[in-house]
Amino acid sequence: MEAATKQSVTNRLLTVKSASGKSYSQLAAETGLTNVYVAQLLRRQAQLKPETVPKLREALPALTDELIGVMMSPPWRSYDPNLIQEPTVYRLNEAVMHFGESIKEIINEDFGDGIMSAIDFYCSVDKVKGVDGNNRVVVTLDGKYLPHSEQRTENMVSRLNLKGSTSE
């Protein structure tokens with residue numbers, strides 16, 4: 001695929017999904033991936049791994065070899081700053097901003113000084129009935145805990161390698 005833009009590829013991938021008539025959750029069930037990860041793949045925000053190709057081909061038979069090839073290359077992950085204006089994205093951002101400090105304190109209290117990874121990370125969106133009978137959105141963010149490390153000189157490999165080299 002010559003110099004195709006990310007948006008043109010994404011449009012083609014979303015057209016394949018739309019033509020299938022399947023939801024992200026249906027595709028997730030068929031591939032063994034989370035629904036958010038399937039959306040990430042089709043939006044070129046994640047890389048399709050070789051072991052997933054057969055399942056995705058079966059779930060979306062209209063995917064061409066060309067599109068599969070593009071999906072298997074590392075994506076240029078990006079964020080459109082105008083996206084924050086979309087109401088759902090705005091509310092998600094607002095929720096993280098509102099609850100973020102408390103979430104951070106609980107992570108530190110339960111795990112220690114560290115963060116939740118966004119690389120070793122799973123995310124899904126589910127629909128449930130609330131106790132009042134209304135539909136509720138459940139967004140699960142499941143990230144590996146990464147402790148902050150004390151930056152000790154003896155653990156800094158690049159420094160250790162510099163000590164052994166001589167500059168001339």
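**Close-ups of a predicted model**

**View 1. Helices α2 and α3 cross.** The axes of helix α2 (residues 24–31) and helix α3 (residues 35–42) come within 8 Å and cross at roughly 100°. Axes here are lines fitted to C-alpha atoms, for helices over the stretch in contact, and angles run from 0 to 180 degrees between N-to-C directions. On the α2 side, Tyr24, Ser25, Leu27, Ala28 and Thr31 meet Asn35, Val38, Ala39 and Leu42 of α3, where contact means heavy atoms within 4.5 Å. Helices (H or I, at least four residues) and strands (E, at least two) are DSSP runs, numbered from the N terminus.

A quick word on what you're looking at: this is a predicted model, local features need pLDDT of at least 70, side-chain atom pairs count only at pLDDT 80 or more, and totals for chains, interfaces and linings use all residues. Residues are numbered from 1 along each chain as its sequence is written, and side-chain values use heavy atoms, with hydrogens and water left out.

View 2. Asn35 sits in α3, and at 11% relative accessibility it counts as buried (buried means under 20% relative accessible area, exposed over 50%, partly exposed in between, with a 1.4 Å probe and protein chains only). Leaving out residues up to four places away in sequence, Asn35 touches Tyr24, Ser25, Ala28, Cys123, Ser124 and Val125.

**View 3. Arg44 and its phi.** Arg44 lies in the loop between α3 and α4 (53–59). Its phi is near 60°, a positive value in a residue other than glycine. Most residues other than glycine have a negative phi. With a relative accessible area of 6%, Arg44 is buried.

**View 4. The annotated HTH stretch.** UniProt, in an unreviewed entry, lists residues 25–67 as "domain: HTH cro/C1-type". UniProt positions are given in the numbering used here, feature names are shortened, and annotations may be inferred rather than shown by experiment. Over residues 25–67 the chain is 58% helix and 0% strand, and the end C-alpha atoms are 21 Å apart.

**View 5. Strands β1 and β2.** Strand β1 (residues 114–129) and strand β2 (residues 135–147) pair in the antiparallel sense over 12 bridges; two strands pair if DSSP finds at least two bridges between them. Val125 has Val139 in β2 as its bridge partner. The two strands form a hairpin with 5 residues between them, and Gly133 in the turn has a positive phi of about 90°.

**View 6. Residues annotated "active site".** The unreviewed UniProt entry puts this annotation on Arg91, Glu94 and Ser117. Glu94 is found in helix α6 (residues 87–111) and, at 38% relative accessibility, counts as partly exposed. Ser117 lies in β1 and, at 5% relative accessibility, counts as buried. Not counting residues up to four places away in sequence, Ser117 touches Gly143, Lys144 and Leu146. A polar atom of the Ser117 side chain lies 2.9 Å from the backbone nitrogen of Ile119. A polar contact is a pair of N or O atoms within 3.5 Å; within protein, one must be able to donate a hydrogen and the other to accept it, and residues adjacent in sequence count only if both atoms are side-chain atoms.

**View 7. Ile106 and Asp126.** Ile106 has its place in helix α6 and counts as partly exposed at 48% relative accessibility. Ile106 and Asp126 are 20 residues apart in sequence and 24 Å apart in space, C-alpha to C-alpha.
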